[in-house]
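Dear colleague,

I am passing on the structure we spoke about, with the sequence alongside. My notes on what was found in it follow below.

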Amino acid sequence: MFSKDVTIEGEILAKDWKVNMSKDVKLNTLLAQAGVKKDETTGALTTPLHFSTTYQHPEFGQSTGYDYTRTKNPTRVSLEETLAAIESANYALATSSGMSAIVLAFSAFPVGSKVLAVRDLYGGSFRWFAQAEAEGRFAFTYANTEEELLNKLTEDIDIVYIETPTNPLMVEFDIARISQAAHERGAAVIVDNTFYSPIYQRPLEDGADIVLHSATKYLGGHNDVLAGAIMTNDAAIYDKLFYNLNTTGPVLSPFDSYLLLRGLKTLALRMERSTQNAQEVVAFLKQSPAVKEVLYPGKGGMISFKVVDEGKIPHLLNSLKVFTFAESLGGVESLITYPTTQTHADIPVEVRHSYGLTDDLLRLSIGIEDSRDLVDDLRAALENE
């Protein structure tokens, strides 16, 4: 729990921030109980919305633990405690978007740090990485496979950055193996866990130093909140992250914190259903004559596939009735995305093609609808002229 004591100038350091939840409580219970029993004054079952931006001091030299909502907000605190608990973390921070979480994570490291990253990653991440490198803040090296990454992991690497599974080629990386190798060489490991969520992997348990999420996606789950999350067990890293978040201000609003708490309650149920649906969609795609390759890691709701005739992609996208042609992922509604013109458009075409992100690839985010409707919708769009 957060201490009610405050340090100089209202800063909250790692010693004041600890999750007060039993390690024996199972993940499904943590999720269902998100935000419950946090209001001792009224006994409200769910975490109240605290919209106030400023808080009264009881008297000179005293504080309730809350001074200004950019620094600390009761609704956001409840969310951050839950986020930490579900990722087996001691500390968590909620941010205004997934991209702000990525930028904040890198702010914990010195300018000039050398980063080794997976090549197949979200286009927004690549866009910021390219900007940061052009401005001289970080130097990036990329790897296509796990073996290539391990071979490039030399003593001069400061940070290893991985998405697993990757976006959109769905390649899995062994977090424990990479973390051990990175730590032996003095490098920190950052893992984007957006696609799998804590339901299918908890990177800190496998040795990662920082785990982050675009909480807009599976953690929120309803395409109605923009949010990011960062978790760590390292007190020194947390101190830097908190200082930078409080200083620059990309915090999550109270209302968005409330929405994210509500979404977390059904995370396990949604992930289970989307996985079941995805497996049935994959079975159909693998036997469709219009599909030449299916990319699916075996669990989760994210699927990519390559079509035989990429010239038919506009017709396919315009023909779907149940799937929605839209960016993003992880909601209860099924979406289809064309990375070439949407999520990965900022990656130069020659770079995309070099690692397999070709113009014949489509990405699906499978929701919780009836799988029969999803399969029928894809069949009609793929196989009917």
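How much area is buried between domain 1 and domain 2, and what share of it do carbon and sulfur atoms give? Please keep in mind throughout that this is a predicted model. The domain assignment divides the protein chain into domain 1 (27-266) and domain 2 (267-383), and the area buried between the two is about 2900 Å², with 64% of it coming from carbon and sulfur atoms. The C-alpha centres of these domains lie 27 Å apart, and 34 residues of domain 1 are in contact with 37 residues of domain 2.

As for polar features, 16 residue pairs are found in polar contact across the interface of domain 1 and domain 2, and the count of salt bridges between these domains is 2. On the side of domain 1 that touches domain 2, the elements giving two or more residues are α1 (27-32), α4 (123-134), α7 (197-200) and α9 (254-264). Elsewhere in my notes is a salt bridge between E172 and K299, whose closest N and O atoms are 3.6 Å apart.

Apart from neighbours within four places in sequence, V160 is in contact with several residues, including L116, L149, L153, I178 and V189.

Terms used:
Residues are numbered from 1 along each chain as its sequence is written. This is a predicted model: local features need pLDDT of at least 70, side-chain atom pairs count only at pLDDT 80 or more; totals for chains, interfaces and linings use all residues. Side-chain values use heavy atoms; hydrogens and water are left out. Contact means heavy atoms within 4.5 Å. Domain bounds come from an automatic or database domain assignment. Buried area is the accessible area (1.4 Å probe) that two parts lose on being put together, summed over both. A salt bridge is a side-chain nitrogen of Lys or Arg within 4 Å of a carboxyl oxygen of Asp or Glu. A polar contact is a pair of N or O atoms within 3.5 Å; within protein, one must be able to donate a hydrogen and the other to accept it, and residues adjacent in sequence count only if both atoms are side-chain atoms. Helices (H or I, at least four residues) and strands (E, at least two) are DSSP runs, numbered from the N terminus.
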